[in-house]
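Me: I have a model open and want to go through its fold and a few residues. Can you take me through it?

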Amino acid sequence: MSDFFAGKVAFITGAARGQGRAHAVRLAGHGVNIIAADICRDLPGMDYPNATQADLDETRDLVESAGAKIVTGIADVADQAALKAVLDDGLAHFGRLDIAIANAGIVRYSPDDDPIVTWNDIINTNLTGVWNTCFLARQPLIDGGRGGSIVITSSSAGIKGTGTHMTGALAYTAAKRGIVGLMQCLALDLAPHNIRVNTIHPTGVVSGMTMNDAMAQMVASGDPGLLAMQNALPIEILQPDDIADAVEWLVSEKAKYVTGIALPIDAGFTVR
């Protein structure tokens, strides 16, 4: 598989920590060079901190330790111009693009003071940000003439809704379901270029999104919506490397005929 990956380039959003970092390090170990973007600042509608510049620097160090090259940049995925600047910088360094992983995402399950801000922050990041990522990656992937792969991080919420009145959870579910439709459209659009597009749907994964004071307080409160979010298999939460296993397969030659699918990596969450 390393021969297949050697010299290729992947553009990854939300790469400073969690799943995005795991994908970057995993692919770097196969010889894939990385273009890594993250917001590195907090958003007003969120109740937990986003990744920092120090987190993004750590991803850089880990990728380089794995033997690959990396270009990093700070950009809010909702800001297409800023995101384009990061991608353009990477393309100037590496001269090609083969893989795009639209991974950046946020969530809020707690009550908020301004539901409109919460809704807009989540939709702008989780839906518009995914479209921005795919829109920007589309032409460089086509221009390469080598085919390629786009993987979009959805969620178990992109398959199965959970009863709630919380604006953050509603926006999160709407966005994660919406990008499935986006994925299907892109899969059809890009199939003639041998570019495959798929979504992944993880259950809970250890990350800054899940391991924070706000989430801990919600779990301790016994909120029935969260209590319903339990896996069928006897594991409470997955590790980022568990998701990287699936992404590694999806972007490899072993999945060369897999496109247009919504792949659960959910420990049976969606069948409960």
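Reply: What follows covers the sheet, the helices on it and some single residues.

Reply: This is a predicted model, where local features need pLDDT of at least 70, side-chain atom pairs count only at pLDDT 80 or more, and totals for chains, interfaces and linings use all residues. Residues are numbered from 1 along each chain as its sequence is written, and side-chain values use heavy atoms, with hydrogens and water left out.

Me: What is the strand order in the open sheet?
Reply: The 7 strands run in the order β3-β2-β1-β4-β5-β6-β7, with parallel pairing. Strands (E, at least two residues) and helices (H or I, at least four) are DSSP runs numbered from the N terminus, and two strands pair if DSSP finds at least two bridges between them.

Me: Which strands stand at the edges?
Reply: β3 (70-74) and β7 (262-265). Each has a single partner strand, so one side of each is left without a neighbour in the sheet.

Me: How many degrees are neighbouring strands turned against each other on average?
Reply: 15 degrees, direction ignored. Axes are lines fitted to C-alpha atoms, for helices over the stretch in contact, and angles run from 0 to 180 degrees between N-to-C directions.

Me: Which helix packs on the sheet and touches β1?
Reply: Helix α2 (residues 18-28), which also touches β2 (33-38), β4, β5 and β6 (195-202). The direction of α2 makes about 170 degrees with that of β1. Helix α3 (residues 53-65) lies across β2 and β3 and runs at about 170 degrees to β3.

Me: Over how many bridges do β1 and β4 pair?
Reply: 3, in the parallel sense, between β1 (residues 9-13) and β4 (residues 99-102). A10 stands opposite I99 in β4.

Me: What is I101 in contact with?
Reply: Leaving aside neighbours within four places in sequence, I101 contacts F11, I12, T13, H23, L27, V151 and V247; contact means heavy atoms within 4.5 Å. The C-alpha atoms of I101 and I12 are separated by 4.8 Å, although the two are 89 residues apart along the chain.

Me: New topic. At what angle do α4 and α5 cross?
Reply: Roughly 35 degrees, with the axes of α4 (residues 80-94) and α5 (residues 115-144) coming within 10 Å. On the α4 side the contact is made by Q80, L83, K84, L87 and L91, and on the α5 side by W131, N132, T133, F135, L136, A137 and P140.

Me: Where is S154?
Reply: In the loop between β5 (148-153) and α6 (167-190). S154 is buried, with a relative accessible area of 3%.

Me: What does its side chain reach?
Reply: The side chain of S154 reaches the backbone oxygen of K176 at 2.8 Å. Beyond neighbours within four places in sequence, S154 is in contact with residues including I179, V180 and H201.

Me: Which residues other than glycine have a positive phi?
Reply: Among them are C40, with phi near 55 degrees, and N194, with phi near 60 degrees. C40 is in the loop between β2 and α3 and counts as buried at 17% relative accessibility. N194 is in the loop between α6 and β6.

Key. Buried means under 20% relative accessible area, exposed over 50%, partly exposed in between (1.4 Å probe, protein chains only). A polar contact is a pair of N or O atoms within 3.5 Å; within protein, one must be able to donate a hydrogen and the other to accept it, and residues adjacent in sequence count only if both atoms are side-chain atoms.
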